[in-house]
Amino acid sequence: MSARNLLVTALGLVCVAVLAVINIPDRTPKIDLVERASQFAAALRSDASYRPPTVREGESALAGLIPLLTGGKDTQSEVKTLTPLGFALTTGKDSATGRQFVMAATEPGDERGWGMYIADYGAQARQVIEVPHPNFDLDTEQVGVQLYRALPGSAVLIAGAHRRAANGLADVAHNANSLFNLVATALARKGLPQIQLHGFDSSSLPGTGVVVSGGSTPHTRLHERIADRIEADGTVVCRAWQASCGHLEGTTNVQGQAADSMGTVFAHIESDGSVREDPQQRDQLVKALAEAISAGP
């Protein structure tokens, strides 16, 4: 065969290979992360068993979770680390954004109810979104995952047990030994700001839609921007650095206390049930939070 014929044949094979690659369908599963998180939260029960991790279990879990939440791609290695601790790992594409994600979650009802953790696969983390009281502060997991969708590069932490489980031992916002707190503290140590989502009943602070606080941390420009953006939509906001907000300031929150000790930003956001339950108001809250956070520190 002549050199010319060899060249033509080679080019033909390259073209076939390129076309084959182009025509290969993307079989990455598409998953509705809001629906998945809502199903997870709905399965949590106040009478379920729960225990925090031992020191060794906590160390192993951090070794597996922190790389996944901060851009690691070695999922097979993390499977080996996290599976013995009761975690199931899932990768896929979020059905709403098309972004590839990685998720590690424990089984609702297991005594090792240590949480659901979500991040963009292989992406550097920019902020941490926290949902400490799923199925108690109703619909906060929806706000959290919707905010993840609006802010690429978010690490999402959702508690894996009802806050009243084990006589309140499962309340991760007030249990420094919870895996949720260990993960949040490790991410705060990396300098990442935390946005923690809570809910309150209107009787706790009548006439107010959202409470914005730094918990035990000093308020920053981020807190002011969040309050301004939410208020711009017509929602009444209580700013904890200016007024008393009905004991909804989160000053005893252990994630906030850890952030304060490290000098990192912690935003404690309480929203009224009417804000969380109404899809339009919930969307407005998410949009306001996303705009304020993406504007800078």
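**The disulfide, pockets and cavities of a predicted model**

With -85° about the S-S bond, the link between C238 and C245 is left-handed. The two cysteines form a disulfide with an S to S distance of 1.9 Å, a disulfide being a pair of cysteine sulfur atoms within 2.5 Å, and by this rule the count comes to one disulfide. C238 counts as buried at 9% relative accessibility, and C245 is likewise buried, with a relative accessible area of 0%; here buried means under 20% relative accessible area, exposed over 50%, and partly exposed in between, with a 1.4 Å probe and protein chains only.

The structure is a predicted model, in which local features need pLDDT of at least 70 and side-chain atom pairs count only at pLDDT 80 or more, whereas totals for chains, interfaces and linings use all residues. Residues are numbered from 1 along each chain as its sequence is written, and side-chain values use heavy atoms, with hydrogens and water left out.

Along its principal axes, the C-alpha trace of the protein spans about 85 × 45 × 35 Å. The secondary structure comes to ten helices and ten strands, where helices (H or I, at least four residues) and strands (E, at least two) are DSSP runs numbered from the N terminus. Of the 297 residues in the protein, 49% are buried. Among the contacts with a separation of 6 or more, 74% are between residues 24 or more positions apart, contact meaning heavy atoms within 4.5 Å.

The largest pocket has a volume of about 410 Å³. Of the 27 residues that line this pocket, R163, G199, F200, L248 and E270 are the closest to its centre, and the elements that give two or more residues to the lining are β7 (194-200), β10 (266-272) and α9. Helix α9 gives the most, with four residues. The lining divides into five nonpolar, 14 polar and eight charged residues, where Ala, Val, Leu, Ile, Met, Phe, Trp, Tyr, Cys and Pro count as nonpolar, Asp, Glu, Lys and Arg as charged, and the others, Gly among them, as polar. Pockets and cavities are both defined on a 1 Å grid over the protein atoms alone: a cavity is a set of points where a 1.4 Å probe fits but cannot get out, a pocket is an open set with protein on both sides within 12 Å along at least five of seven lines, and lining residues have an atom within 4 Å of a point. Grid points are joined across faces, edges and corners, and a volume is the space filled by probe spheres set on the points.

S274 is found in helix α9, which covers residues 273-277, and at 39% relative accessibility this serine counts as partly exposed. The side chains of S274 and D272 are joined by a polar contact of 2.4 Å, that is, a pair of N or O atoms within 3.5 Å, of which, within protein, one must be able to donate a hydrogen and the other to accept it, residues adjacent in sequence counting only if both atoms are side-chain atoms. From C-alpha to C-alpha, S274 and D47 are 27 Å apart in space, and they are 227 residues apart in sequence.

The second largest pocket holds about 200 Å³ of space. It is lined by 13 residues, of which F40, A105, T106, E107 and M116 lie nearest its centre, and α2 (33-42), β2 and β3 are the elements that give two or more residues to this lining. By class, the lining of the second largest pocket has seven nonpolar, four polar and two charged residues.

R99 is placed in the loop between β2 (88-94) and β3 (100-105) and, at 16% relative accessibility, counts as buried. A polar atom of the R99 side chain lies 2.7 Å from the backbone oxygen of Y148. Leaving aside neighbours within four places in sequence, R99 is in contact with G92, K93, D94, D120, Y148, R149, L151 and P152.

A search of the whole structure finds two cavities of 30 Å³ or more. The largest cavity, with about 50 Å³ of space, is lined by I230, D233, T235, V275, Q281, Q284, L285 and A288; helix α10 (residues 279-294) gives the most to this lining, with four residues. Four residues of the lining are nonpolar, three polar and one charged. The second largest cavity has a volume of about 30 Å³ and is lined by Y50, G113, W114, G160, V172, S178, L179 and F180, of which five are nonpolar, three polar and none charged.
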